[in-house]
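Student: Hey, can we go through the aromatic rings in this one together? I'm new to it.
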Amino acid sequence: MQQRIAIIGNSGSGKTYLAAKLGGLYNFPIVNLDDLFWASSSYTTKRSKDEVYALLNQWRDVTSWIIEGVYGELIAYVFDDIEMLIWLDMDWVTCRERILARDKANRGQSEVDLGSLLDYANAYWTRDNERSHLGHASLYKQFLGVKYHLASSEAVDQFLQQQAQCLLN
């Protein structure tokens, strides 16, 4: 199976989790847009726009992948390459709980960094750029391929079960 899948959503919505699960099902490489956007794992130094797009262009010749991130402008850049778009539209309580759990389990960010991430994620519904609820809704509406709007953990679980079932058939 060959396919290019994009997953968008707020911080803490489960993009990385879903990408990992789908990547395991389909054996597709995963492109985490944070890894392209930021020059280091500390999330303090941004790459130049030219660098980000050059890194993204490297994936254009790959026949199958899963790309995930909040960066709607980067998804828009590869829009014509995508066959499936998944929008994880989780509520703030879910996103906040996941960010806090992820931080506790993996990162242990400083309180300032964690606070900044929480503020950024909480503003998802009030921002009006490509990285916002409005921006993601616009991408979802414009996309003409196969698309899924998943707004709960249960919907994600059902989607994953359906994908696994499709592989068996």
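Student: What lies over the face of Tyr 140?
Tutor: That's Lys 147, at 4.8 Å from the ring centre. Keep in mind that we're looking at a predicted model.
Student: Okay, and which ring does the charged end of Arg 127 sit over?
Tutor: The ring of Tyr 120, with the charged end 4.0 Å from the ring's centre.
Student: Switching to rings with rings: how many aromatic pairs are there in the whole structure?
Tutor: A search turns up 9 of them. One is Phe 37 with Trp 38: the planes are at 80° and the centres 5.1 Å apart, so that pair is edge-to-face.
Student: Is Phe 37 buried or exposed?
Tutor: Buried, because its relative accessible area is 9% and the cut-off for buried is under 20%. Trp 38 also counts as buried, at 15%.
Student: What about Trp 92 and Trp 125, how are those two arranged?
Tutor: They make an edge-to-face pair, with 75° between the planes and 6.4 Å centre to centre.
Student: Where in the chain do they come from?
Tutor: From distant parts, 33 residues apart. Trp 92 is in helix α5 (residues 92–107), while Trp 125 is in the loop between α6 (111–122) and α7 (133–142).
Student: And how accessible is each of them?
Tutor: Trp 92 is partly exposed at 22% relative accessibility, and Trp 125 is partly exposed too, at 33%.

Methods. Residues numbered from 1 in each chain as written. Predicted model: local features only at pLDDT ≥ 70, side-chain atom pairs only at ≥ 80, totals over all residues. Heavy atoms only, no water. Phe/Tyr/Trp six-rings, centres within 6.5 Å; stacked < 30°, edge-to-face > 60°. Buried < 20%, exposed > 50% of the residue type's maximum accessible area, 1.4 Å probe, protein only. Helix = DSSP H or I, 4+ residues; strand = E, 2+ residues; numbered from the N terminus. Lys NZ or Arg CZ within 6 Å of the ring centre and 35° of its normal.
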